[in-house]
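Hi,

Here is the structure I promised to pass on to you. Please have a look at it, and then read on for what I found in it.

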Amino acid sequence: MTATLTKTTPTMAARTKVLQRQGAAVALVLVVAVSWLVFPRFGSLDNLRDLALQGSFLAVIAIGMTFVIITGGIDLSVGSVYALGGVLAAWGAQYGFLVALLLPLVVCGLIGLINGLLIARTNMAPFIVTLASLLFARGLLLVITDEGATTYKIASDSAFVELGRGTVFGFGYPIFIAAALALVGGMLLNRTNFGQNVFATGGAEQSAVLLGVPVAKTKVLVYTMSGTLAGLAGALTAAYLQSGVTVIGVGLELDAIAVVVIGGTLLTGGMGTVLGTVIGVGLIKVIQNVINQIGTLDSNYQSVVSGVFLLIVVVLQRILRR
Amino acid sequence: MPTDMPSTPVIEVAGVTKTFAGVRALSDVDFTLQRGEIHALVGENGAGKSTLIKVLTGIHTTDAGRVTRNGNISTIYQEVNLVPLMSVSANMFLGREPRNRFGLIDRARRDADAAELLRGYGITADVSSPLGTLAVGEQQMVALARAVDANADVVIMDEPTSSLEPREVETLLGVVRKLHEQGIAIIYVSHRMDELYRICDTVTVLRDGVNVHSGPLKELPRIELVSLMLGRSVKEIESHGTTAFGEDHHADAEPVLQATGLTSRPRIDGVSVTIRPGEVVGLAGLLGSGRTETAKAIIGALPVDGGTVLVAGNPVARTVKASTRAGISMLAEDRKTEGIIPNLSVRENIVLAALPRLSRFGVTSRSKQDRIVDAFIKRLRIKVSSPEQKVAELSGGNQQKVLLARWLCTEPKILLLDEPTRGIDVGAKAEVQALIDELAREGLAVLLISSELDELLDGADRLVVLRDGSVAGELEGDQLTREHVLKAIAAEVTDDSGDHAGSPQHSR
């Protein structure tokens, strides 16, 4: 027996991995390079700061979604939960910083927990359970805002507003919060037993059970995480906008799913990265930014381009997995 | 090799009974596993092996009896129960990852440890690549390494070689011997006689949930073992079965089906079957001998590495569509998952396969459907309140008839029947058997797969006996006796071709 470790030839799965992970990164680099050259305003520091800030709210949600999708699930409730989190934060701001921050985290975390318990314990489809909580959260929001008639404002001199509007070198706090969460998320996924359980649950649930992985607990945790992070994103948005806007977040769950998948996470579960998701957010936001800069182009083309991207990625995943 | 130790058994089971929904899976079973022995656990499908394993490992509780375990048990299942998308090393250490001082997974050490461990099993693959990129045999070995490393005193292997290549089998058997030398007791479940006799010390035979024999394996002739599994004494050759088949159907016509050299590694290797119109050819063999695979290969549902199928002298492409068009139909073994659509009506279930034939421009004629369905219900004596009754409400036997009607609707020339009477009551069984007889007399060519020897002996005009994926013999006329079949299955006097190929890697 030779002592050298024989490398296996680059096989299908390995190639899939490379292309999925690097594919989004390559696309991002290309899009950024072209935009930089074509649009003089794109490379300006102001624009980049704005771009990063816009992306940070979505990134916070998408990090949670990454975990959910890797377990083979889906969380459709995050758009509504995000909006609810914003309203709760705005309402809570009158009682101080802590209430404004913790109230949305606790309530939205609870919604996630219920999602997780229903999915893990009763074996109901994640699609159905989180569709129900999408309606529930949106309904709850309308109730506490008198059908959207009441908009809670946050005093512009409060500490909570600082959380959304404060800057370091012009870069908003939410950017740093999202970056820190991405770092922790990546660590959690790749370097902890919990992360391994997430992969195992989505990769082969039956086997995972036989291998002693606490599948149910893992599911409960990822949905709780997803709900909490959606609530946090809502709170940050409220702080940034200085009010709890009731009409935001409609369809945001689909954006979150899109960036996760564009980032190379398998929609069927078992494989994915937080870094990929962050790159996916970058890609979508840059495209959005560019379309905004072409003043003559209808801003609805954002969705068209995002849709095309998503389709390409999913088709590629399918082909490469054969 | 087996150094007898008079120590306490590592597992002891006494008088265990286990019932599922009124069906006895185990009744009053005794089972003892001595330290360091390799114990074969054999029995046909439904004999209670899996249930016993689950009782041993504590997955099932018992209704009665006592289970004593004096050690850690690891189980390796037939299917590799690992996560294909995760890396080899992540699979090896899932749940007990080495940590660094920050409490995070130490990936370098995990990879190094995994590589080190696997080298002992002859695996030199890159442990950081996804498990799914390894060959099935290597994956099986990873599962084995993981199981053994979990500090096991007992390793249970459930059909570990069923999906392995001959070379991989050798490596696995080498590992089993190594474990044996380390004093680990092994329960080895397999249907492959050669493997059992090569490595096992003791054997326990289960049949219908009863332990019918426990003892040293070497002293038990193969034919004796096979007859213990199938449930009749070798002497008891003269059997007047409970089957309802009539006399032989004589057929001298040209073969309507000629399947030659069907190969789909590792399941079947060079199987040839010929059937004439009006003939019933039986496929005999133990579970896992390649019976279902042969039928699936004939109809094109199993990708083959080689072999041809001729229908009435014309080659047929290896797809289900082409086969169906050529006149081959197959009644699958598992009605629940591969056949019946429970919430559709009897009528809808019957006409399903014939719909393309019954429709014009995609619109089906309801009156045509009704005519055909009525005719079949009458002809097959299907007991229904109306053709619109849901299939789920019918008994097993009548469901089977509905399926049979579905395929007969397509006017096949060749009908492949995989265990057509399994799981249906005695009365319905006789009716289905009589029906098969009738169909053959009308000129249909039938391939009959059955685990019940009586059904094959009485029902078939000719028997093809399979063993480990190859034809072990063809019997007809006077040879159609229990003794001949058992001998062919057990292969009393054969030299095995797969053995000397060996593995260049391990033999020590």
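Before the strands, a word on terms: two strands pair if DSSP finds at least two bridges between them. Helices (H or I, at least four residues) and strands (E, at least two) are DSSP runs, numbered from the N terminus. This is a predicted model, in which local features need pLDDT of at least 70 and side-chain atom pairs count only at pLDDT 80 or more, while totals for chains, interfaces and linings use all residues. Residues are numbered from 1 along each chain as its sequence is written, and chains are lettered from A and ligands numbered from 1 in the order in which they are written.

E1(B), residues 11-20, runs antiparallel to E4(B) and is joined to it by five bridges, with B:Thr17 opposite B:Ala64. Contact, here and below, means that the C-beta atoms of two residues, placed from the backbone, lie within 7 Å.

Chain B also has an open sheet of six strands, in the order E5-E6-E7-E3-E8-E9 and with mixed pairing. E5 (73-76) and E9 of chain B stand at the edges with a single partner strand each, so one side of each is left without a neighbour in the sheet. The twist averages 15° from one strand to the next. Both senses of pairing involve E8(B), residues 202-207: four bridges join it in parallel to E3(B), residues 38-42, and six bridges join it in the antiparallel sense to E9(B), residues 210-216. B:Thr202 is the bridge partner of B:His39 and also of B:Pro216. The hairpin of E8(B) and E9(B) has two residues between the strands, and B:Asp208 there takes a positive phi near 50°. Helix H7 of chain B (residues 222-230) lies across E3, E8 and E9 of chain B, at about 30° to E8(B).

Now to chain A, which has 13 helices and two strands. Its radius of gyration is 20 Å, close to the 20 Å of the globule rule for 322 residues, so chain A is as compact as a globular protein of that length. That radius is taken over C-alpha atoms, and the rule is 2.2 Å times the number of residues to the power 0.38.

Finally, 21 residues of chain B are in contact with 25 residues of chain A.

Best wishes

Notes:
Axes are lines fitted to C-alpha atoms, for helices over the stretch in contact, and angles run from 0 to 180 degrees between N-to-C directions.
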